[in-house]
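Hi,

Here is the structure I promised to pass on. Have a look at it first, and then read my notes below.

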Amino acid sequence: MILLLFLLFSGTFAQLMDPEVNVTAPEIIQYWGYPLEEHFVTTEDAYILGLHRIPYGRNEAAPTTNRPVVFMQHGLESDSSNWIANPPEESAGFVFADAGFDVWLGNMRGNTYSKNHTTLTASDEQFWEFSWDELQMYDLPAMIDYVLKITNQNSVYYIGHSQGTLTMFSRLSLDPNFGSKLFQEIFGEGEFLGQGGAFDLIAQWICDSIDGDKVCDSVIFLISGPETTDQFNATRTEVYIANDPAGTSTQNMIHWMQMAKNPTVLQLHLRCNGHVSLLAE
């Protein structure tokens with residue numbers, strides 16, 4: 001009787017379970033009808049990383065010309081599935097593919113899709129002798145360089161979450177020239193977070209998501225200051241985010257970062273060749 005009840009419960013539970021629960025990130029991409037490519041790149045220190053590519057949207061034919069490339073990097077204890085875990089209209093990976101981008105999803109060493117090595121196995125203790133320092137030193141450059149080579153592009157849009165942001169800022173602080181591989185509209189010596197392009201798409205995706213207003217509110221408060229109950233109208237969030245941030249120079253942002261690191265008002269520190277020293281002071 002107990003066995004019968006268990007089997008009946010298991011069958012009912014299986015029927016109620018979301019079909020995406022026990023599938024991989026590549027399978028999720030294919031489940032929603034998007035084109036998929038799986039790639040592998042070996043780092044300088046011999047780790048083999050898996051990358052997942054969505055080259056175009058699900059209702060399109062294969063493009064005949066290059067598309068702008070967006071590279072998405074997951075956070076701590078995560079993998080590429082973070083960008084495609086929701087339905088297409090709620091997942092950044094799918095939203096960008098449908099908007100005309102060539103989407104690449106990175107995977108750092110040690111996660112589900114990057115547990116290979118040229119000489120070690122995941123059972124070897126030496127395999128796990130790394131921290132985020134190795135991720136920024138080896139993994140990010142290997143993946144970005146590979147994507148640029150395969151797509152024949154000079155730069156990519158980069159979106160990082162949590163550790164994915166930390167590793168990129170760390171890479172830029174140690175190697176300012178790495179910024180030339182990212183679109184200057186976001187990082188480089190041009191405009192920082194102006195209106196239009198990828199930022200508008202990001203803002204729309206976040207603000208339209210579940211609890212998106214709260215996230216957008218937080219962004220506004222970071223830019224404009226904390227909320228006051230008699231001045232902030234939450235129903236106008238989409239209007240606010242449509243106008244802010246309005247853009248400034250990357251050098252100005254770095255100047256603010258320098259003052260945050262050394263809490264005093266100083267002139268912008270430049271290298272002798274005129275380039276900004278990205279958080280390297």
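One term before anything else: by the bend at a residue I mean the angle between axes fitted to the seven residues ending there and the seven starting there. Helices (H or I, at least four residues) and strands (E, at least two) are DSSP runs, numbered from the N terminus. With that in hand, H4 bends by about 30° at aspartate 139, and proline 141 follows within four residues.

Some housekeeping. This is a predicted model, where local features need pLDDT of at least 70, side-chain atom pairs count only at pLDDT 80 or more, and totals for chains, interfaces and linings use all residues. Residues are numbered from 1 along each chain as its sequence is written, and side-chain values use heavy atoms, with hydrogens and water left out.

The overall picture

The protein chain has 9 helices and 8 strands. Of its 281 residues, 39% count as buried (under 20% relative accessible area; exposed is over 50% and partly exposed in between, with a 1.4 Å probe and protein chains only). Taking contacts (heavy atoms within 4.5 Å) between residues at least 6 apart in sequence, 65% join residues at least 24 apart.

Helix H4 and the cores

Back to H4 (132-151). The expected span of a helix is 1.5 Å times one less than its number of residues. Just after the helix, asparagine 152 takes a positive phi of about 60°.

Which residues touch the most other members of the largest nonpolar core? They are Phe71, Met143 and Val156, in a core of 24 residues. A nonpolar core here is a set of buried Ala, Val, Leu, Ile, Met, Phe, Trp, Tyr and Cys residues joined through side-chain atoms within 4.5 Å. Strands E2 (47-54) and E3 (69-73) and helices H4 and H5 (163-174) each supply at least two of its residues, and H4 gives the most, with 8. Leaving out residues up to four places away in sequence, phenylalanine 71 touches Leu51, Trp104, Gly106, Met143, Ile144, Val147, Val156, Tyr157, Tyr158 and Ile159.

A second, separate core has 19 residues, including Ile29, Ile54, Leu105 and Tyr113. Isoleucine 29 sits in helix H2 (residues 25-31) and is buried, with a relative accessible area of 0%. Beyond its neighbours within four places in sequence, its contacts include Leu36, His52, Ile54, Phe94 and Leu105. Its C-alpha atom is 9.0 Å from that of serine 81, which is 52 residues apart along the chain.

Helix H5 and what follows

H5 has 12 residues, which should span 16 Å; the end C-alpha atoms are 16 Å apart, so that agrees. Its buried residues include Gln163, Thr167, Met168, Arg171 and Leu172, and the buried residues of H5 pack against E3, H4 and E6. Aspartate 175 lies in the loop between H5 and strand E7 (191-192) and, at 25% relative accessibility, counts as partly exposed.

Hairpin and loops

Strand E1 (residues 37-42) and E2 pair in the antiparallel sense over 6 bridges; pairing requires at least two DSSP bridges between the strands. Threonine 42 stands opposite isoleucine 48 in E2. The two strands form a hairpin with 4 residues between them, and alanine 46 in the turn has a positive phi of about 80°. Alanine 46 is buried, with a relative accessible area of 17%.

Glutamate 77 also has a positive phi, near 60°. Is glutamate 77 buried or exposed? At 77% relative accessibility, it counts as exposed, and its place is the loop between E3 and helix H3 (92-98).

Last, serine 114, in the loop between strand E4 (102-105) and strand E5 (116-117). It counts as buried at 0% relative accessibility. Its side chain reaches the backbone oxygen of asparagine 107 at 3.0 Å. Apart from residues up to four places away in sequence, serine 114 touches Ile48, Leu49, Gly50, Asn107, Met108, Arg109 and Phe127.

Cheers

Terms used. A polar contact is a pair of N or O atoms within 3.5 Å; within protein, one must be able to donate a hydrogen and the other to accept it, and residues adjacent in sequence count only if both atoms are side-chain atoms.
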